[in-house]
Amino acid sequence: MDWRTKLLDPAPQARRDYASLATPVYRGSTVVFDHQGAVTDDWRQADNGYSYGLYGTPTALELAARIAGIEGAHETFIVPGGQSAIALIYLAYCQAGSHALVPHSAYGPNKAMAEGMLAGLGITVDPYDPMIGAGIADLIQGNTTLIWCESPGSVTMEIQDVPAIVQAAHGKGVAVALDNTYAAGVMFDAFAHGVDVSMQALTKYVGGHSDLLLGAVSARDAAALDKLGPIYQQLGLAVSPDDCSLALRGLQTLAVRLDALERGALDVAHWLADQALVQDVFHPALPSCPGHQIWARDFTGSASVFSFTFKDDVPAARVVDFINALKVFKIGLSWGGVNSLAVVYPDLDRPHQDFGGRIVRLNIGLENPQDLIADLKAAMTAI
Ligand SMILES: *Cc1c(COP(=O)(O)O)cnc(C)c1O
């Protein structure tokens, strides 16, 4: 054949038995079939064989299988981020006319989707008190199809009684989804606690280095998988094999990073709790965190992210000054990486609670905690 044709021959030339410790990065959109009768376009690649790169190359399916194994899921989907994981779950469990419930402590963009896109699609989502527990039964309507839990909640860190909510929901035939990002899918066992669908932003602890965006949606059983799969295919939630490769590497060090982050965050949280300017520290391992007892009952550890409030007589403008005075802590969103971050939430929307611009969220990284404490101390002295 002509060299021009040879250039395009996809058949491998080198040996393929390279037993690397690392998962190869498989790039590819098209999958070549053996014969016309074998051509399919099907999201069930793990069972039926590969059909199209949109549903994941072997790199994405390796990551999915490992996360499913770690979380005890029936099967896991890898999606472009935590927010698309949330969208997939809503759209798989809700249709026009459906009703869903979401804690008012949920991740802000989850609530924004509920009030925005979902409202436009005729799906009603009502916020509920994250500490409601079994009382959720009273909020379930005839058309309720989905109850979200997120524990701890974003910024205000309420620990939810997930088993009580699951019991009430399942008693009325309603599915429960959990945003398990805080626990990295490992410090809270979603499926042992009865959850139907668990998701996490792999962007946070599995990625662990602020250099990728990915999400995982894990199904408890075949029923959950069958609800999610077609919507996953229809939405076209493709992921990059390069990002999946980074996430697979992240998994290898997840345990040591979580241990170190937990220790550092506890050091800083305990120091903050003793400061004259500080009102409350919302860290799950401290009794001042709403639902601390539930955390002690249901979780195997705590993570790197928590919040604290300044005393009422500290004006909001001084809190902003405090943030700007920090040097080791960087000002930024997201969390779970190696750098410590701080951000103030000036107008956090929580019913019956007005933090008046005095609530600060910290993500503790892998710096020496003594340097972090010195940084916080200097910024407090400055205001
Ligand atoms: C960050 C985050 C998400 C969204 O993840 P992205 O990958 O940034 O889209 C969802 N839920 C929680 C609790 C988060 O903190």
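A disulfide is a pair of cysteine sulfur atoms within 2.5 Å, and the structure holds zero of them. This is a predicted model, in which local features need pLDDT of at least 70 and side-chain atom pairs count only at pLDDT 80 or more, while totals for chains, interfaces and linings use all residues. Residues are numbered from 1 along each chain as its sequence is written, and side-chain values use heavy atoms, without hydrogens and water.

**Cysteines**
- The closest cysteine sulfur to that of Cys-149 is in Cys-94, 14 Å away, which is too far for a bond.
- Cys-149 is buried (under 20% relative accessible area, with a 1.4 Å probe and protein chains only), at a relative accessible area of 0%.
- For Cys-289 the closest cysteine sulfur is in Cys-149, and the 16 Å between them is too far for a bond.
- Cys-289 is buried as well, at 3%.

**Aromatic pairs**
- Rings of Phe, Tyr and Trp (its six-membered ring) pair if their centres lie within 6.5 Å; planes under 30 degrees apart count as stacked, over 60 as edge-to-face and the rest as tilted.
- By this rule there are eleven aromatic pairs.
- Trp-43 and Phe-77 form a tilted pair, 5.7 Å centre to centre with 50° between the planes.
- Trp-43 and Phe-77 are both buried.
- Phe-282 and Phe-355 form an edge-to-face pair, at 6.3 Å centre to centre and 75° between the planes.
- Phe-282 and Phe-355 are both buried.
- Ring pairs join Trp-43, Phe-77 and Tyr-232 in a cluster.

Technical notes:
Buried means under 20% relative accessible area, exposed over 50%, partly exposed in between (1.4 Å probe, protein chains only).
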